[in-house]
Amino acid sequence: MFKSQDEKEKIKEVETIIGPSIRVKGNFNGQGNIVVEGILEGSLKTNGDVFIGDKAKIAASVEAREARIGGEVTGNIKIKKYMEVAATGKIFGDIECSSLSVERGAILNGKCTMLPERKDETKS
């Protein structure tokens with residue numbers, strides 16, 4: 001997820017971008033992929049993927065299908081599938097995910113719970 005060519009494809013599929021100069025307060029709900037490069041306070045929930053940039057600061061609970069964390073997150077994180085924490089990532093809260101990758105240098109302060117991978121919910 002979010003590596004080289006794959007990253008370029010993911011960015012094309014992004015529904016919402018919170019740029020580096022943007023500060024958002026409140027509950028943020030979406031269906032598609034979300035990129036956060038700025039500051040977010042409240043909650044962030046999407047059925048898509050979340051990319052949290054290296055300089056982003058989030059004081060919120062985060063729920064998504066997959067996530068790449070490069071910035072600072074203060075709050076609990078629930079990821080249905082795969083979560084990647086970059087070397088610049090700082091997490092102060094509990095994590096729930098099915099698969100986890102943590103680069104050397106990342107900071108994790110909280111409880112980590114590994115869950116069986118959930119299938120995407122589809123409506124019929």
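A salt bridge is counted where a side-chain nitrogen of Lys or Arg lies within 4 Å of a carboxyl oxygen of Asp or Glu. The model on display is a predicted one, and it holds three such salt bridges.

**First stop: Arg-65 and Asp-49**

Select Arg-65 together with Asp-49. These two residues form a salt bridge, with 3.0 Å between the closest N and O atoms. Arg-65 sits in the loop between S6 and strand S7 (67-69), and Asp-49 in the loop between S4 and strand S5 (50-52), so the pair ties together parts 16 residues apart in sequence. Colouring by accessibility shows Arg-65 as partly exposed, its relative accessible area being 23%. Asp-49, in contrast, counts as buried, because its relative accessibility is 0% and the limit for buried is under 20%.

**Second stop: Asp-54 and Arg-68**

Now select Asp-54 and Arg-68, whose side chains meet in a salt bridge of 2.8 Å, N to O. Here too distant parts of the chain are linked: Asp-54 belongs to the loop between S5 and S6, while Arg-68 belongs to strand S7, 14 residues apart.

Move to Arg-23 and Glu-41, which form a salt bridge whose closest N and O atoms are 2.7 Å apart. This pair connects strand S2 (residues 23-30), which contains Arg-23, with strand S4 (residues 39-46), which contains Glu-41; the two residues are 18 residues apart. Arg-23 is exposed, with a relative accessible area of 53%. Glu-41 counts as partly exposed, at 24% relative accessibility.

With a relative accessibility of 16%, Ser-43 counts as buried.

Select Val-35, found in strand S3 (residues 33-36). Val-35 is buried, with a relative accessible area of 10%. Its contacts, again not counting residues up to four places away in sequence, are Val-14, Thr-16, Ile-17, Ile-18 and Phe-51. A distance drawn from the C-alpha of Val-35 to the C-alpha of Gly-19 reads 8.0 Å, although 16 residues of sequence separate them.

**Last stop: the largest nonpolar core**

In soluble globular proteins, nonpolar side chains tend to be buried together. How many residues make up the largest nonpolar core of this model? There are 24, and those with the most contacts inside the core are Leu-44, Ile-58, Ile-69, Ile-77 and Met-83. Strand S6 (residues 57-64) supplies the largest share of this core, four residues.

To finish, centre the view on Ile-77 and show what surrounds it. Beyond residues up to four places away in sequence, Ile-77 touches Val-62, Ile-69, Met-83, Ile-91 and Ile-95, along with Asp-94 and Glu-96.

Methods
Residues are numbered from 1 along each chain as its sequence is written. This is a predicted model: local features need pLDDT of at least 70, side-chain atom pairs count only at pLDDT 80 or more; totals for chains, interfaces and linings use all residues. Side-chain values use heavy atoms; hydrogens and water are left out. A nonpolar core is a set of buried Ala, Val, Leu, Ile, Met, Phe, Trp, Tyr and Cys residues joined through side-chain atoms within 4.5 Å. Buried means under 20% relative accessible area, exposed over 50%, partly exposed in between (1.4 Å probe, protein chains only). Contact means heavy atoms within 4.5 Å.
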